[in-house]
Amino acid sequence: MTASQPAPAPLLIGHRGAAGTAPENTVSAFTQARDAQADFFELDVQLSADGVPFVFHDDVPARTTNVAQVFPGRENDPITSFTWAELQQLDTGSHFSGAFAGEKIPHFDDAARVATERTGVFVEIKSPENSPGIEKVVADSLHGNPAWARLAHCGKVEVLGYDAASNQEFARLAPEVPLQQLMDTVPDAATLAQVATYADNFGTDYRLLDAAGVQRIKAAGLGAGVYTVDSTTAYDRMVALGLDRVTGDFPVQFTRHAQGLDSFPDSTGVRVSGAVNDVLGGDLQPENGEHVVLQNTSALAVDVSGYRVRDTKDNTLTVGPGYVLAPGQQLRVYTGPGTNRADAYYNGLATEALDDEGDSVALWSSAGTLQDTFSN
């Protein structure tokens, strides 16, 4: 490749399906990623109390299900303490949007039915200490279930995880299946060399990655990937670093971006222009705590009443009634308390919404159309 040639586009992986635009780890999210022609969608697999492999990220059901209504008092019980029949009584769609009400926690095999030879599956073995024997369950599925075996034969399955011992056990059971080691940061060359004895690829947090880290990964003979990239600006930076794969919550938008199209065709022109996540004196201090900055970049006034800023953990900030932004005007949307003004709206929440180390947020209109994404 000559210096004038652009770097090849990395593989695009939809994080937990398309978790930015559908409930994470659901058939709807997988379907959106597939329809966007992502190269893969990623999921998290665990074992129910009676040994059924199911797709779910968190260790407890409180954040993404209606467990408080169905099983009061079990909100913070281990998700693996529920039987498959109990899991099927939970709604895991309504927390995201009423449009997904009734969405069920998928069986592991549901993902294979959505995937194709174009869009495969990244299978993250989640919290293996809570699901003893899960490595064998996954390996047996890939070997014995025709739908999974077909995908594996086409090179459209990769297994990944943070737990090195679990990854090594899976490599022993299914050495022919590509394997990825996840770590929050890129370690030294000696550690990467050891990872390369059982894994094919390495994935890490994009926020902490630089060119030297990419070089160390590739020098060890490993493919280099990052998670969780949620803005087109961050995506472009990762492409420039020469990454082999990029995982993000918005595969639909990234596919459009990679094709030179507008990632947000339904945008009214209101964008997230910035965010202040960590404030000296306290993130929830009155008047001057953490906040997100919206800006009207269009040539027309836009009523942003009811617009919502949502992060990846379902924290949501909402603009109150009566806010119309003139062209070029900014509005600061605060998490905590304060005095509402023309240029500031305060949600008055009692808990922080933005991660101090950096966060990704999506802006939704009152009509439920995606306007923009932002990360810092």
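Biologist: Where is Q37 placed?

Modeller: Q37 sits in the loop between α1 and β2. Helices (H or I, at least four residues) and strands (E, at least two) are DSSP runs, numbered from the N terminus. The model is predicted: local features need pLDDT of at least 70, side-chain atom pairs count only at pLDDT 80 or more, and totals for chains, interfaces and linings use all residues. Residues are numbered from 1 along each chain as its sequence is written, and side-chain values use heavy atoms, with hydrogens and water left out.

Biologist: Is N25 buried or exposed?

Modeller: The cut-offs are these: buried means under 20% relative accessible area, exposed over 50%, and partly exposed in between (1.4 Å probe, protein chains only). With a relative accessible area of 3%, N25 is buried. Q37, at 48%, counts as partly exposed.

Biologist: Which peptide bond is cis, and what is its omega?

Modeller: The bond joining Y227 and T228 is cis, with omega about -25 degrees. T228 belongs to the loop between β8 (223-227) and α10.

Biologist: How many residues of strand β2 are buried?

Modeller: In β2 (residues 40-47), 8 of the 8 residues are buried, so the strand is largely enclosed by the rest of the structure. One side carries F40, E42, D44 and Q46, and the other F41, L43, V45 and L47; both faces are covered.

Biologist: Which way do β2 and strand β4 run, and how many bridges join them?

Modeller: Two strands pair if DSSP finds at least two bridges between them. β2 and β4 (residues 120-125) run parallel and are joined by 6 bridges, with G120 in β4 as the bridge partner of F40. β1 (residues 11-14) is also parallel to β2, with 2 bridges, and here I13 stands opposite F40. With β3 (residues 53-55), β2 pairs in the antiparallel sense over 3 bridges; L47 faces P53 there. The hairpin of β2 and β3 has 5 residues between the strands, and G51 takes a positive phi near 85 degrees.

Biologist: Which residues does L11 contact beyond its sequence neighbours?

Modeller: Contact means heavy atoms within 4.5 Å. Leaving aside neighbours within four places in sequence, L11 touches D39, F40, D244, R245 and V246. L11 and R245 are 234 residues apart along the chain, yet their C-alpha atoms are separated by 4.3 Å. L11 is found in strand β1 and is partly exposed, at 31% relative accessible area.

Biologist: At what angle do helices α10 and α11 pack?

Modeller: Two packed helices are described by the angle between their axes and the distance between the axes. Axes are lines fitted to C-alpha atoms, for helices over the stretch in contact, and angles run from 0 to 180 degrees between N-to-C directions. α10 (residues 232-240) and α11 (residues 251-258) pack at about 60 degrees, with axes 11 Å apart. The two are therefore oblique to each other; angles under 35 degrees count as roughly parallel, over 145 as roughly antiparallel, 65 to 115 as roughly perpendicular and the rest as oblique.

Biologist: Which residues of α10 and α11 meet?

Modeller: T232, Y235 and D236 in α10 meet F254, H257 and A258 in α11. These contact residues comprise 3 nonpolar, 2 polar and 1 charged. In this scheme Ala, Val, Leu, Ile, Met, Phe, Trp, Tyr, Cys and Pro count as nonpolar, Asp, Glu, Lys and Arg as charged, and the others, Gly among them, as polar.

Biologist: In what order do the strands of the open sheet with mixed pairing stand?

Modeller: Its 4 strands have the order β10-β11-β16-β17. β10 (270-276) and β17 (344-346) are at the edges with a single partner strand each, so one side of each lacks a neighbour in the sheet. From one strand to the next, the twist averages 25 degrees. β16 (residues 330-334) and β17 are parallel over 3 bridges, and R332 has A344 as its bridge partner in β17.
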